[in-house]
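Here is a short report on one protein model. Take a look at the sequence and structure first, then read on.

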Amino acid sequence: MPYKQEEIKPYNNEEEKGVQVEQMFDNIAHSYDKLNHRLSWNIDKLWRNKALKRLKPYSPQRMLDIATGTGDFAIQATKTLNPKELVGVDISEGMMEVGRKKIAQLGMDGVVSFKREDCMNLSFEDESFDAVTAAFGIRNFGDLEKGLAEMLRVLKTGGHLCIVELTTPVRFPMRQLFKIYSHTVLPIYGRLISKDKTAYNYLTATIEAFPQGETMVEILKKIGYSKATFRRMTFGICTMYIAEK
């Protein structure tokens, strides 16, 4: 049985979801960073930092960043964890091209690289990475369980998965306030800046449909991860998941 967000598509019901997600992110790549930081009041940087601090005790040397987008999580991971190698993968070349420019400006070319990959069918060998990360991307998977299983496959035994994902607050009044914000400010401002009429309506819909908290932890355990835990941040607007192979 598919999860609700798997059935939500950006533009139409005819084309496969992955094709539409790639097109959508290519369309908004030019404005994605600006919108991401403004719409979250820059708190997204704090969320990423908190997640990376959870990985710090394990000193991962080879890392994989899933749905890397423009590379923000990859850049912060390199600064915080100092890995020998970090590979960022995404289906959107438009997003990664922005990331490559940022990496070049920061002089991280020798450590960070980007590669176009289908996250449901990764090309890497089993047990390739010490840590796998994903920030604000897995709710776009066309098959959540398959994507999580691929992340588990390429993770070394004893390695760690770290996911940061936008979620719906569970308590009053933040739940109600977030719903108003995500249905008015987020799509209207997103449409004005990105020039894409539906992208930010789609993003709101997937946030609301995505399994979260205890449900997500159960999915991770079902796939085969151990010691899966979650922590809500900023009143539940974002949730961090940590799991071990």
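How many aromatic pairs does the structure hold? This is a predicted model, and the structure holds four aromatic pairs. A pair of aromatic rings is described by the distance of the centres and the angle of the planes. Two of the pairs are set out here.

| Pair | Centre distance | Plane angle |
|---|---|---|
| Phe25 and Tyr32 | 6.1 Å | 75° |
| Phe124 and Phe129 | 5.1 Å | 85° |

Planes over 60 degrees apart count as edge-to-face. The planes of Phe25 and Tyr32 stand at 75°, so this pair is edge-to-face. The planes of Phe124 and Phe129 stand at 85°, so this pair is edge-to-face too.

Now for burial. Phe25 and Tyr32 are both buried. Phe124 has 12% relative accessibility, so it counts as buried. Phe129 has 0% relative accessibility, so it also counts as buried.

Next, the whole protein. Its secondary structure comes to nine helices and seven strands. The radius of gyration is 17 Å, close to the 18 Å that the globule rule gives for 245 residues, so the protein is as compact as a globular protein of that length. The C-alpha trace spans about 40 × 40 × 35 Å along its principal axes.

Buried residues make up 54% of the 245 residues. Among contacts with a separation of 6 or more, 71% join residues 24 or more positions apart.

Last, surface and charge. The accessible surface comes to about 11,200 Å², and carbon and sulfur atoms hold 54% of it. The protein has 35 positive and 31 negative charges, and their mean positions are 8 Å apart.

Methods: Residues are numbered from 1 along each chain as its sequence is written. This is a predicted model: local features need pLDDT of at least 70, side-chain atom pairs count only at pLDDT 80 or more; totals for chains, interfaces and linings use all residues. Side-chain values use heavy atoms; hydrogens and water are left out. Rings of Phe, Tyr and Trp (its six-membered ring) pair if their centres lie within 6.5 Å; planes under 30 degrees apart count as stacked, over 60 as edge-to-face and the rest as tilted. Buried means under 20% relative accessible area, exposed over 50%, partly exposed in between (1.4 Å probe, protein chains only). Helices (H or I, at least four residues) and strands (E, at least two) are DSSP runs, numbered from the N terminus. The radius of gyration is taken over C-alpha atoms; the globule rule is 2.2 Å times the number of residues to the power 0.38. Contact means heavy atoms within 4.5 Å. Accessible areas come from the Shrake-Rupley method with a 1.4 Å probe; for residues, only the protein chains shown count as cover. Lys and Arg count as positive and Asp and Glu as negative; His and the chain ends are not counted. The place of a charge is taken as NZ of Lys, CZ of Arg, CG of Asp or CD of Glu.
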